[in-house]
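The stops below may be selected in order.

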Amino acid sequence: MSKPESSSVLDRVRSLVREVARFGAVGGLGVLVNLGVFNLIRSLTDLQVVRASVIATLVAIGTNYLGFRYFAYRDRAERTGSGRTRELGLFVAFSAIGLVIENGILFAATYGFHWDGPLASNFFKFAGIGLGTVFRFWSYRTWVFKALPAAAPVSLVVEQRDGQAEVPARTPETAAN
């Protein structure tokens with residue numbers, strides 16, 4: 001949230017609600033991409049469940065970065081050069097942790113409990129996405145797309161600099177010279 005510290009609690013809550021809504025819009029599209037690619041891979045190939053899920057998650061991470069950078073967090077500091085590289089590196093790192101959370105749940109259900117039918121796989125994939133999303137929301141807003149403090153107001157008062165000579169007033173004596 002890029003509001004100054006003196007903003008009211010209501011303003012902060014409104015800002016958080018707007019942020020959650022934008023994050024949810026991008027995340028919702030990411031969930032559709034993730035589940036769509038997952039089910040497409042599962043129906044067209046013999047790839048194992050968790051491998052198909054990891055590929056689908058990677059595709060969703062790519063689409064989500066674009067959505068977060070250019071829609072959900074577009075009002076955050078526009079980074080160029082090394083700042084953008086740092087942002088992308090943090091995004092990939094936290095997304096990888098989210099990937100492990102998401103697919104760890106599917107892995108446990110599939111290989112620990114042998115719940116590997118299409119309905120069970122989609123249920124645990126969706127549950128993993130939910131837990132991973134909570135982690136991603138916290139990490140992205142805290143570390144990746146940090147809000148910068150509001151800029152201090154600019155003073156319009158012009159001050160005389162030290163050592164600057166004053167122009168002497170014209171007197172009759174200096175005018176004659």
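The tour of this predicted model begins at a surface patch and then turns to salt bridges.

Select V9, V13 and V17. These residues form a nonpolar patch on the surface, and their accessible area together is about 280 Å². V17 counts as exposed because its relative accessibility is 52%, where exposed means over 50%.

Next, turn to the charged side chains. Side chains of opposite charge can pair when their charged atoms come close. The model holds five salt bridges.

Select R84 and E87 in helix α3 (residues 82-112). The two form a salt bridge whose closest N and O atoms are 4.0 Å apart. They are three residues apart in the helix, so about one helical turn separates them. R84 is buried, at 19% relative accessible area, and E87 is also buried, at 1%.

Now select E102, K125 and R136. E102 and K125 form a salt bridge, with 2.6 Å between the closest N and O atoms. Since E102 lies in helix α3 and K125 in helix α4 (residues 118-144), this pair ties together parts that are 23 residues apart in sequence.

E102 also meets R136 in a salt bridge, at 3.4 Å from N to O. R136 lies in helix α4, so this pair ties together parts 34 residues apart in sequence.

Technical notes: Residues are numbered from 1 along each chain as its sequence is written. This is a predicted model: local features need pLDDT of at least 70, side-chain atom pairs count only at pLDDT 80 or more; totals for chains, interfaces and linings use all residues. Side-chain values use heavy atoms; hydrogens and water are left out. Patches are made of residues with over 30% relative accessible area and no salt bridge: like charges are joined within 9 Å, nonpolar side chains (Val, Leu, Ile, Met, Phe, Trp, Tyr) within 5 Å. Accessible areas come from the Shrake-Rupley method with a 1.4 Å probe; for residues, only the protein chains shown count as cover. A salt bridge is a side-chain nitrogen of Lys or Arg within 4 Å of a carboxyl oxygen of Asp or Glu. Buried means under 20% relative accessible area, exposed over 50%, partly exposed in between (1.4 Å probe, protein chains only). Helices (H or I, at least four residues) and strands (E, at least two) are DSSP runs, numbered from the N terminus.
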